[in-house]
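I opened this notebook to record what I looked up in one structure. The entries follow the order of my reading.

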Amino acid sequence: MTVLLAILLLQAGPAPRDIGLSVLPQNPVQGQLLIIEVSGALPGDTVKGTFGKRKLRFYLDKLSRVRALTSVELSQRPGQVSLTIEVVLPDGEKVIKGLAVQVRAGEFDEINLRVNPKFVTPPKRVQARIKRERQAIQQLWQRKATWRKWSGSFVWPRKDQICSRFGVKRMFNKKQKSRHYGVDIDGRVGGHIRAIGAGRVIMKSDRFYSGGTLIIDHGLKLYSLYFHLSGFLVSEGDLVDKGQLIGKVGRTGRVTGPHLHLSTKIEDVNFDPLSLLEADLFEEAQVAP
Ligand SMILES: [Zn+2]
């Protein structure tokens, strides 16, 4: 009897936990979103990790997947970037897993643009304003992370043609070089702009370069930014739903014509909004028949 009990106890002992680590896409290009997934982790575990030098913020989605969103910096040199995670089990045991993510070079067009010269050589009287606006926006990225407000896949802010992609190398008035840290979507002045996901409006402002500007905090340091608006339909502090109308297309700030500029950030790093809009983040649980 004693022997049988010992065998039973042995069999009932905790099985070693099988923790898996995966990343999508497996070979991302510069500036692209990455979905990190940890399998085998359970509620009660603590999951931490880094991609390169950047901290990962894990969440449990409605399908019980432990995931984190991060991105490859546009300036990341092609080659390996290390991904490391640490899962601390409730009994204190630590499981560490790593992957070398192979980053590919992106292909980026070069274009020349003509804008009002004041945006290339800003007059003295607006320099204090530019500095103030830059500081105000920097402060947003320093704030503490808030809880996750988005769920499922993101939606397009408007249905129209893309007129300029992320990462394009631009030359303004043959003088000033810059990269395009967002995507431009065509539109007429007054056209609808919708929130790409649920979140809180953390900035509604009229700025020198970006004109009418809205910024939404989606939680876990994921943000979407909407530039050059002619009108606002929300206020700072508002919680907005996915797809909610938030503003109107305009031609304010440094533009060559009316359009919506959409940027997306994780922490303070810009990444390609298309890689977020096209990511499959489906998480609605199936209803049992
Ligand atoms: Zn743009």
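Entry 1, basis. I worked from a predicted model, in which local features need pLDDT of at least 70, side-chain atom pairs count only at pLDDT 80 or more, and totals for chains, interfaces and linings use all residues. I number residues from 1 along each chain as its sequence is written.

Twelve residues from domain 1 and 17 residues from domain 2 make up the contact, where two residues are in contact if their C-beta atoms, placed from the backbone, lie within 7 Å. On the side of domain 1 that touches domain 2, strand β6 (residues 66-71) gives the largest share, three residues. Strands here are DSSP runs (E, at least two residues), numbered from the N terminus.

T70 in β6 is the bridge partner of L34. Strand β2 (residues 33-39) also pairs with strand β1 (residues 20-24), antiparallel, over five bridges. There, I36 in β2 is the bridge partner of V23.

I located T252 in the loop between β20 (245-248) and β21 (259-266). Is T252 buried or exposed? T252 counts as buried because it has 20 C-beta neighbours inside 10 Å; the cut-off for buried is 20 or more other C-beta atoms within 10 Å, with C-beta atoms placed from the backbone. Leaving aside neighbours within four places in sequence, I list its contacts as G211, G212, H228, L229 and S230.

Key
Helices (H or I, at least four residues) and strands (E, at least two) are DSSP runs, numbered from the N terminus. Two strands pair if DSSP finds at least two bridges between them. A residue is buried if 20 or more other C-beta atoms lie within 10 Å of its own, exposed if 12 or fewer, and partly exposed in between; C-beta atoms are placed from the backbone.
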